[in-house]
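This briefing goes through one protein model by topic. The sequence and structure come first, and the notes follow.

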Amino acid sequence: IDSNADRNDRQQRVFKACIEKVFNMDVSEIIQLISDLIPLINTNLSMADILNLMNAALASDLDQIAYFRTPNTPYEMKRVDMHRGLIVKDMQKEIDGIHSFLYD
């Protein structure tokens with residue numbers, strides 16, 4: 001993988017393709033998809049909660065989906081054994097950026 005940004009771009013394209021596929025399903029296909037996926041996911045959301053979220057998503061404009069990349073502030077790469085990690089310089093700014101994206 002060339003970079004984190006390239007990987008994120010690929011993941012965004014996959015996610016958008018999945019959403020587009022769901023947008024083209026009828027309600028019974030969506031319910032079946034959710035029923036198939038629920039056993040694979042650990043969540044405290046009920047089936048009713050998930051169906052409500054799907055209903056809201058399907059009523060939205062696919063072209064208006066927004067995303068926020070992090071880190072959005074200066075960071076450095078650290079290597080521990082075979083793993084690499086990002087260490088942000090100002091975690092509070094990262095938290096504030098995410099909070100602003102979600103709630104403002």
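Is Lys 78 buried, exposed or partly exposed? Lys 78 is partly exposed, because its relative accessible area is 42%; buried means under 20% relative accessible area, exposed over 50%, and partly exposed in between (1.4 Å probe, protein chains only).

The model is predicted, so local features need pLDDT of at least 70 and side-chain atom pairs count only at pLDDT 80 or more, while totals for chains, interfaces and linings use all residues. Residues are numbered from 1 along each chain as its sequence is written, and side-chain values use heavy atoms, with hydrogens and water left out. Helices (H or I, at least four residues) and strands (E, at least two) are DSSP runs, numbered from the N terminus.

**Salt bridges**

- The whole structure holds three salt bridges, each being a side-chain nitrogen of Lys or Arg within 4 Å of a carboxyl oxygen of Asp or Glu.
- One of them pairs Arg 69 with Asp 9, and their closest N and O atoms are 2.1 Å apart. Arg 69 sits in the loop between α3 and β1 and Asp 9 in helix α1, so this pair ties together parts that are 60 residues apart in sequence.
- Arg 69 is partly exposed at a relative accessible area of 30%, and Asp 9 is partly exposed at 26%.
- Lys 78 is bridged to Glu 76, with 3.6 Å between the closest N and O atoms. Glu 76 has 29% relative accessibility and so counts as partly exposed.
- Glu 76 also meets Lys 89 in a salt bridge of 3.2 Å, N to O. Because Lys 89 lies in the loop between β2 (83–88) and α4, and Glu 76 in strand β1, the pair ties together parts that are 13 residues apart in sequence.
- Lys 89 counts as exposed because its relative accessibility is 55%.
- Through shared partners, the salt bridges join Glu 76, Lys 78 and Lys 89 into one network.

- Glu 94 belongs to helix α4 (residues 91–103).
- Glu 94 is buried but has no salt bridge, and the nearest side chain of opposite charge, that of Lys 93, is 9.2 Å away. For charge, Lys and Arg count as positive and Asp and Glu as negative, while His and the chain ends are not counted.
- What does the side chain of Glu 94 meet in a polar contact of 2.5 Å? Its partner is the side chain of Thr 73. A polar contact is a pair of N or O atoms within 3.5 Å; within protein, one must be able to donate a hydrogen and the other to accept it, and residues adjacent in sequence count only if both atoms are side-chain atoms.
- A polar atom of the Glu 94 side chain also lies 2.7 Å from the backbone nitrogen of Asn 72.
- With neighbours within four places in sequence set aside, Glu 94 is in contact (heavy atoms within 4.5 Å) with Thr 70, Pro 71, Asn 72, Thr 73 and Val 88.
- Thr 73 is found in the loop between α3 and β1 (75–80). Its relative accessibility is 16%, so Thr 73 counts as buried.
- Under the same exclusion of neighbours within four places, Thr 73 is in contact with Val 88, Asp 90, Lys 93 and Glu 94.

**Backbone features**

- Thr 70 and Pro 71 are joined by a cis peptide bond, with omega about 5°. Pro 71 is placed in the loop between α3 and β1.
- Asp 81 is not a glycine, yet has a positive phi of about 55°. Asp 81 lies in the loop between β1 and β2 and is exposed, with a relative accessible area of 72%.

**Largest pocket**

- The largest pocket holds about 440 Å³ of space. Of the 19 residues that line the largest pocket, Val 22, Leu 33, Ile 34, Leu 37 and Met 54 are the closest to its centre.
- On a 1 Å grid over the protein atoms alone, a pocket is an open set of points where a 1.4 Å probe fits, with protein on both sides within 12 Å along at least five of seven lines; lining residues have an atom within 4 Å of a point. Grid points are joined across faces, edges and corners, and a volume is the space filled by probe spheres set on the points.
- Helices α1 (4–23), α2 (27–37) and α3 (47–58) each supply at least two lining residues. The largest share, six residues, comes from α1.
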